[in-house]
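Subject: Structure for your review

Dear colleague,

Please find below the structure that I am handing over to you. My notes on what was found in it follow directly after.

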Amino acid sequence: GFANWLTVQSQQSVDPKYSSPRFTASADKCVIEGLLDTIPDSPEIDSGEVCATPDSKSSKSKNYVNPSLNLANCNLSSCCCVLLARKLRFSDHIESLDISANSIADQGASALSAVLLANKTLTSLDAGSNGISHNGVQCIAAALRTNTTLEFLELSFNGFGNAGAVCIADLLLYNSTIRHLGLGFNGILEPGACALSQTLTSMSRLRTLELSYNLIGDGGTKALAKALKVCTSLETLGLVSNGITDEGAFAIAEALEENKNLEMLGMSSNCVGDAGATKLAQALYKNDKLRALYLEDNEVGAEGVRQLSAVRTETCSMNALAEEIQEAFMMGLQSRLGSQSIVYQLDPYLCREILQMSHDRHPRVILCSPRPMSPPQSLPHV
């Protein structure tokens with residue numbers, strides 16, 4: 001479902017010469033320095049020479065530099081991160097750094113902030129699952145105030161709570177470059193969500209906000225919904241497993257009636273019932289932009305499923321009618337389809353309006369399944 005949206009696409013095939021080894025717990029300074037020696041300070045590419053891939057016939061394999069550095073799940077410590085940062089600060093070819101699932105902690109985050117201050121080519125940073133507290137987030141946020149190149153920032157699975165969310169919110173007031181912000185699994189509650197929502201109204205470039213598996217509740221959801229009414233850039237919003245009930249769903253539905261930019265909304269594993277699902281379905285009749293709504297593992301019953309299915313069916317019917325009209329225009333006159341066709345009775349101007357509506361209306365993905373019921377407990381034998 002919703003998790004598939006946020007899968008990061010591989011940017012380029014990895015050249016074996018520069019592929020990153022997987023470290024063990026015994027990784028030490030010598031091993032790290034040995035790896036960094038394979039990364040040149042600057043690409044050795046002749047001026048005017050095209051170097052797209054290591055296999056390209058128009059380039060020399062020895063000149064290829066892989067722009068992605070994957071060090072995920074390598075048991076890296078904060079000391080290792082400091083050594084890495086010294087090499088990457090003035091590197092002019094590394095564009096993507098994945099250092100997730102390590103143990104760099106706040107000291108490593110501080111080292112990464114030095115990279116973000118000096119580096120001019122890094123566009124993607126994944127530092128998720130590293131034990132970074134709000135102090136480390138504060139260092140990264142301070143560096144990103146002046147950084148104008150980073151577009152993808154992933155900080156999930158760190159547990160920095162509301163304090164870290166407030167640091168990120170303050171950062172967004174100064175940074176207009178970040179497009180993706182991943183903050184899932186961080187213990188963010190309503191105050192953190194409220195702080196982030198206040199920056200969405202002024203942040204005009206953020207396209208993806210991932211807040212799944214926190215606990216922002218209905219209060220935080222209402223604050224985000226209020227921001228959605230005026231936010232003109234956000235395309236993907238992840239609110240999976242956040243303790244949202246019908247009250248929060250009502251606020252989101254009201255926002256969707258006005259928002260014309262959001263394309264994907266994840267609200268699985270919450271506590272939304274029939275009333276919230278019905279309200280969301282009604283909002284979708286007024287919203288042509290939202291293409292995917294995920295409501296699996298909620299408390300939606302038969303009535304809510306019926307209302308959401310009706311929205312999906314209505315969208316398909318509109319597309320089917322548009323296809324029939326398109327066929328009529330291709331034949332020259334709608335009357336040639338015969339009196340049995342609904343198009344025969346429509347004015348040509350109205351036909352063109354329906355075609356335009358269909359062009360702006362994409363098929364929707366609406367996933368809604370009830371939460372599996374736990375099996376009844378057997379009575380103890382007497």
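Buried denotes a relative accessible area under 20%, exposed one over 50%, and partly exposed a value in between, with a 1.4 Å probe and protein chains only. By that definition phenylalanine 185 is partly exposed, because its relative accessible area is 34%.

This is a predicted model, in which local features need pLDDT of at least 70, side-chain atom pairs count only at pLDDT 80 or more, and totals for chains, interfaces and linings use all residues. Residues are numbered from 1 along each chain as its sequence is written, and side-chain values use heavy atoms, with hydrogens and water left out.

The chain has 382 residues, of which 47% are buried. It contains 11 helices and 10 strands; these are DSSP runs numbered from the N terminus, with helices being H or I of at least four residues and strands being E of at least two. A contact here means heavy atoms within 4.5 Å. Of the contacts between residues at least 6 apart in sequence, 84% join residues at least 24 apart.

Two loop residues deserve a mention. Phenylalanine 185 lies in the loop between β5 (180-182) and α6 (190-200), and its phi is positive, near 55 degrees, although the residue is not glycine. Serine 129, also not a glycine, has a positive phi of about 55 degrees. Serine 129 sits in the loop that runs between β3 (124-126) and α4 (134-144). With a relative accessible area of 34%, serine 129 is partly exposed.

Yours sincerely
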